Amino acid sequence: MSNYHIKNLEEYFNVYRKSINDPEGFWEEVAEEHFLWRRRWDNVLSWDFSKPEVKWFDGAQLNITENCIDRHLATKADQTAILFEPNNPEAEAEPISYQELHDRVNQMANVLKSKGIQKGDRVCIYLPMIPELAISVLACARIGAVHSVVFAGFSSSALAARINDSECKLVITSDGSYRGSKTIDLKGIVDEALETCKCVENVLVTNRIDSEITMKEGRDEWLQPLLDMASKECKAEIMNAEDPLFILYTSGSTGSPKGMVHTCGGYMVYTAYTFKNVFQYKEGDVYWCTADIGWITGHSYIVYGPLANGATTVMFEGVPSYPDFGRFWEIVEKHKVNQFYTAPTAIRALAKENLDFVDRYDLSSLKVLGTVGEPINEEAWHWYNDNVGKQSCPIVDTWWQTETGGVMISPIPFSTPTIPTFATLPIPGIQPALMDENGKEIKGNQVEGRLCVKFPWPSMARTIWGNHERYRETYFSAYENMYFTGDGARRDAVGYYRITGRVDDVIIVSGHNLGTAPIEDAINEHPAVAESAIVGFPHEIKGNALYGYVTLKETGADRDQENLKKEINQLITEHIGPIAKLDKIQFTVGLPKTRSGKIMRRILRKIAHNDFSNLGDTSTLLNPEVVDSIIESRL
Ligand code: PRX
């Protein structure tokens, strides 16, 4: 039996048991057998959730880039590490071999050093999905600089807040970016942001769109000439396992974004381990995660996890709708993608379109399909399973968070039987717990509660940059000796987990707790419905009642709306019960979404409350224009 690579369900249960009975022994074995360490650890784990303080492999020395690049050179120098697919479908894809990646990362690392960047300094990376993004991330890791990637769709004020919070000394950006048929002036956004950032000394600019930009004398420089002069050798900085590797910001339910800090050793071990098992990656496979490296999914499962396994990872610059809604499937056919990982929101958007966009392409290379980021509704799951996977690719519904660093609950494909909407079983080493409102653990099956984790795992965030107390308060104060995820979950009769959504989205109607996700699932099953979101609004008798925002598919546009409302409530009654019926249903042109595709319920809640003050900064939304249209036609 291999701890590292699970091949069937019996093995999963054996490995899981071992990982719980002897977590330190389990992770020590994984760490020892599959990674390159410069010095062995003194101690596998020490932890105290009350502080909170967690240390994995303390005393060990390593550099994650030696694990992601150098050690593969003996056997895989010519194998493609990163396969870059540009926005323009007519442009050639660019395969970057492990040798080339080595050379380019080292050149970038040497450029950073020449600008005075040292171990521990923070570097902000604000780039589109082009090879320089992955290369910059790895170059920081090479020299021990802490990278803070900011998604290149964030506004200048969001960028400035993140740069200032972690006092970045240097920014890596590009003149601009392509997004479908549009271009975006990234350098202009950086210039605006830097008006309020005193800490930034240098800006390095890569040329992506050949646009005219202004360069600030003494601060800004084109990257390419510096790279051309730089050496392809750069000694890897020796890091302690517990040294910070990166900061990644995630929005809290209140307050400023939280800079989650991940460290070198545990993060490497866990992302590599989960990549191998959750995607069942085999030598020679081509793996594609459609996320942006600006999010944790991209950090862990485009860059670090795949490269630590010597994989070929696709990096896509574009969007699923350009030049048409067949783009994802065209890329799958072209590169013979074996594992495909995307978000339910993308699946729903594509499911709205003509099936011909899928059927046109040969998808027979696909072996495993993944989803992440939100609960996947049953209809989207079936659409993905039937039309993309042709009912022969297991779907891994992976539950995790920016804070967890890696996948926590997920089927192991070909081992764990899947059920739509269930993330199923914990990854070895993960000890989930469901808690009730009184702080007591709910044992047994067929129960529902707040999802916590009761034992540390290697890739958990160690702190919030500059605010350890907020870290303690947010994640470790709700339940004693537990990491609190903020999510609710159900454990079914066989112990499978189904994530029901953020617990802050629970609505109490006539004394009944109703999760929004299951109601939305029911509505989304209606053939005319594309997407929906439920919020609560005050009701005289029930306390709260439910307000549903529903976006119709094109095919639903001509339907009688009063009949549709009745049918939707009938579906809810069938799936959950009459208690969950909606008092108000508003048909909308779209739902306000964050750049990562999450529905902004806060805004919808305010509109349902007829409270239009303080809608917050809607300019960071993916689609700010829908907010006005929803307000105009509110009920
Ligand atoms: O509510 C859960 C939801 O996304 C949250 C984490 O968001 P973020 O930090 O942006 O990371 C997303 C990518 C890992 C969780 O607290 N979530 C994530 N995956 C799932 C999910 N909800 C249900 N099912 C999932 N598979």
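Reader: Lysine 593 and glutamate 531: buried or exposed?
Author: Both lysine 593 and glutamate 531 are buried. Buried is under 20% relative accessible area, exposed over 50%, partly exposed in between (1.4 Å probe, protein chains only). This is a predicted model, where local features need pLDDT of at least 70, side-chain atom pairs count only at pLDDT 80 or more, and totals for chains, interfaces and linings use all residues. Residues are numbered from 1 along each chain as its sequence is written, and side-chain values use heavy atoms, with hydrogens and water left out.

Reader: How far apart are the closest N and O atoms of that salt bridge?
Author: 3.0 Å, between lysine 593 and glutamate 531. A salt bridge here is a side-chain nitrogen of Lys or Arg within 4 Å of a carboxyl oxygen of Asp or Glu.

Reader: What does the pair tie together?
Author: Lysine 593 lies in the loop between strand S30 and helix H19, and glutamate 531 in strand S28, so the pair ties together parts 62 residues apart in sequence. Helices (H or I, at least four residues) and strands (E, at least two) are DSSP runs, numbered from the N terminus.

Reader: How many salt bridges in total?
Author: The count comes to 38. One of them joins arginine 498 to aspartate 521, with closest N and O atoms 2.6 Å apart.

Reader: Switching topic. In what order do the strands of the open sheet run?
Author: S21-S22-S24-S25, with antiparallel pairing. Strands pair if DSSP finds at least two bridges between them.

Reader: Which are the edge strands?
Author: S21 and S25; each pairs on one side only. S21 and S22 pair over four bridges.
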